[in-house]
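I opened my notebook beside the viewer today. Here is what I looked up, entry by entry.

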Amino acid sequence: LVLQHHTDQPVVSLEGDADLQFLLKGGELMKVKSSTWKKNRFFKLQEDCTTMWHESNKPFGKKQTFSIDDIDSVRKGRESEGLQKYTDAQEEDRCFSIIFKGRRKNLDLMATSAEDVQQWVSGLDKIITNTKKLNRQQTSEHWIFDEMRKADKNKDNMMDLKELKHFLRQINIQVDDSYAAVLFKECDTSNSGTLEGPEIKEFYDLLTHRQEIDVIYGKYSSTDGQMGAEDLLDFLHNEQCEQVTLEDAVKLIEKYEPDDSAKQQSHMTKDGFLMYLQQEEGSIFNPAHKEVFQDMSQPLNHYFVSSSHNTYLTGDQLKSLSSTEAYIKALMKSCRCVELDCWDGPNGEPVIYHGYTLTSKVLFKDVIKAIREYAFKTSEYPVILSLENHCTLDQQKLMAQHMRTILGSALLTAPLEDQMPTTFPSPKELKGRFIIKGQRLNKLDTVFGSSPGVEVESISEEDEAAEVNDKKIKLNKELSDLVIYCKSVHFSGFENAKAKQAFYEMSSFKETKAANLAETAANAFIHHNMSKLSRIYPAGSRTDSSNYNPVPMWNTGCQIVALNFQTPSKEMDLNQGRFRPNGMSGYILKPDFLRQAGSAFDPVTLTDGPWLKRKVLHVMVISAQQLPKLNKEKTKSIVDPLVRVEIYGVPVDNASKETHHIDNNGFNPMWNKKFQFNLKVPDLAMVRFLVEDYDHTSHNDFIGQFSMPLTSLQNGYRHVPLLTKRGDVIPCAGLFVHIILLDP
């Protein structure tokens, strides 16, 4: 089947590209698994340009493939732990790694020459970029055609009724035999008993028809049966509540209308209208918030900071692997505060692991190298290295030296100001810098002495490890001197902190302690956080690396709310949603009432004040598209989807409402279900759309979700992308909703 988009653009527009041709031809690469397991395998890009194939010695000669969509990134050189461990430094320019999304292991590879590596990496990067660029409409068609090809089992470019049924199952829709026969007959205009050429296109059109889009388009297409620029402007004003001009409407037509003759008349066809709705202008998430749009010149403690707990762990807290890869993944998700548990290691080299457990160890210097390499790829704003120091003086000294040597001028080693500061510098002033959080021998304004080490009280997440009898540790001066704006101190109550704590002295709170303060002394906690930083961490009892609810902590202005990034969870969904706006910078400016000195705000008692901005949120869940099958092995497995809309914010605003489930249709289920939410503090509210597969015998299964702050929501008819449990976009899948946020 030679299948193209209705715009006649081929799926991959890299034809003739030398790197693409190189991938299509393929070549031998050495797959590296250990110092003894290094085997040559033939790799090539399949003709569909979306799948990589490689030979395998698995039983029955089973061919091995993986989708380009599954690749997170391609890294040139000995960047992975495996390649660093199992290859020599002189082989650097022959090495590269394919990093997958989720928990799949990296593919570590060696080519025969540096030139080949360049072509593999460059070619794969182009294909990955190209796949991402395919807009949702193109991706959708591209996916449909791919499934059609798979269903054409005898490769005769035709489909009989049996192949059609198989195809319907593949795209997650179940129809009874009589309906399948009707659909088939309707498309088989040549009465040949098979579908071919234009009949397949007709079949595709029937399959992708969106009734709800017809209704909206029909209401506004008053210019010769099409939407003129004035009609589109009416739609943008009346439905989308956008402050735009006729010129903006014309620009949208020029950008999205695939039919040239319509475009010349400044008309938008239904295809163009659907294309627009499926782009970022039609997304529920405000595209203006995809860039840094907040004031980044406020003191650092005026921001929520995306933060990770025990960043080195890839799994549970007791026996999982410690890995530099876990740091890379967190930093690439724009995490701006990572944790390093440092212990004495063999050969005088400090290591990082979860003390008194069976978790594996990783060298401190390797972690610092990985952090330096990946800290500022997603966000240019500062990264805080939270040190939990259990090392002896000699290894502490080495820690300080490693950080100075590896991080260089990016490491903050003195206050930015010429004189003793009275408050934090801003994220803007600290761009590209590393800030060390840890213990310090003395006050920041002290003229430092030259004593090699002094005993200080150990500040650690003491409940997380086995009891340590001696709570005093010696602290090396070189390491101590690197602690500038984040000196760890014990918390002894808000009054004591107000009277005695300097702005740069910060405390860490176990989740249970923080939750109790947020419940019983929220306003005092808020005022504490107006001048100081607070870090919250999970209870030691969470040995499975589960997470606590971060929302009550944000409600009291806590900045560094550290979560287990490696654990897919509702809490991580909310964290990803909280930090989605502001250019994925990892910093979100707190609302005024969490920053201004006289604020009487308390999220629990909620008295009158400027934070009370009552809003009514109307949500109509209209439909979903192309929800993934959950059990791909069972050919007859089709989802029964339902949608839940959840609000997380101050206690009085928390709410959850759900649709009914629809039997056996993940392809185009329709609900048209209306919900209303009455909100009091919209500035702190988060919205989460959750899609589940209904199961009457047990818990519903997760299909996908999308979370975001209410303040980034767009009004009108909007598409909602859906993410996997690990936060990756599910290609083609989405919800279609109507949103109105009103004053009561």
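I count two strands as paired if DSSP finds at least two bridges between them. Helices (H or I, at least four residues) and strands (E, at least two) are DSSP runs, numbered from the N terminus.

Ground rules first. I am working with a predicted model, where local features need pLDDT of at least 70 and side-chain atom pairs count only at pLDDT 80 or more, while totals for chains, interfaces and linings use all residues. Residues are numbered from 1 along each chain as its sequence is written, and side-chain values use heavy atoms, with hydrogens and water left out.

**Entry: the sheet.** I looked up β1 (residues 27–32) and found it antiparallel to β2 (residues 38–45), with six bridges joining them. M30 has N40 of β2 as its bridge partner. Stepping back, I see an open, antiparallel sheet of seven strands, ordered β4-β3-β2-β1-β7-β6-β5. Its edges are β4 (64–67) and β5 (71–76); each has a single partner strand, so one side of each is left without a neighbour in the sheet.

**Entry: a helix on the sheet.** For angles, I use axes fitted as lines to C-alpha atoms (for helices, over the stretch in contact) and values from 0 to 180 degrees between N-to-C directions. Helix α1 (residues 18–25) lies across β1 and β2, at about 120° to β2.

**Entry: the faces of α8.** Here buried means under 20% relative accessible area, exposed over 50%, and partly exposed in between (1.4 Å probe, protein chains only). In α8 (residues 211–220), I find E212, I213, I216, Y217 and Y220 buried. They cover an arc of only 125° around the axis (taken from the directions from the helix axis to the C-beta atoms), which puts them on the same side of α8. V215 and K219 are exposed, on the face turned away from the buried side.

**Entry: the largest core.** I take a nonpolar core as a set of buried Ala, Val, Leu, Ile, Met, Phe, Trp, Tyr and Cys residues joined through side-chain atoms within 4.5 Å. The largest has 68 residues, and L340, I371, L385, M403 and F601 touch the most other members. Helix α14 (residues 364–374) gives the most to this core, six residues.

**Entry: annotated positions.** Which residues carry the UniProt feature "active site"? The unreviewed entry places it at H309 and H354; such annotations may be inferred rather than shown by experiment. The pair spreads over 46 residues of sequence, yet the largest C-alpha distance is 11.2 Å. H309 sits in the loop between β10 (303–308) and α13 (324–332) and is buried, at 1% relative accessible area. H354 sits in the loop between β12 (351–352) and β13 (362–363) and is buried too, at 5%.

Note on methods:
Contact means heavy atoms within 4.5 Å.
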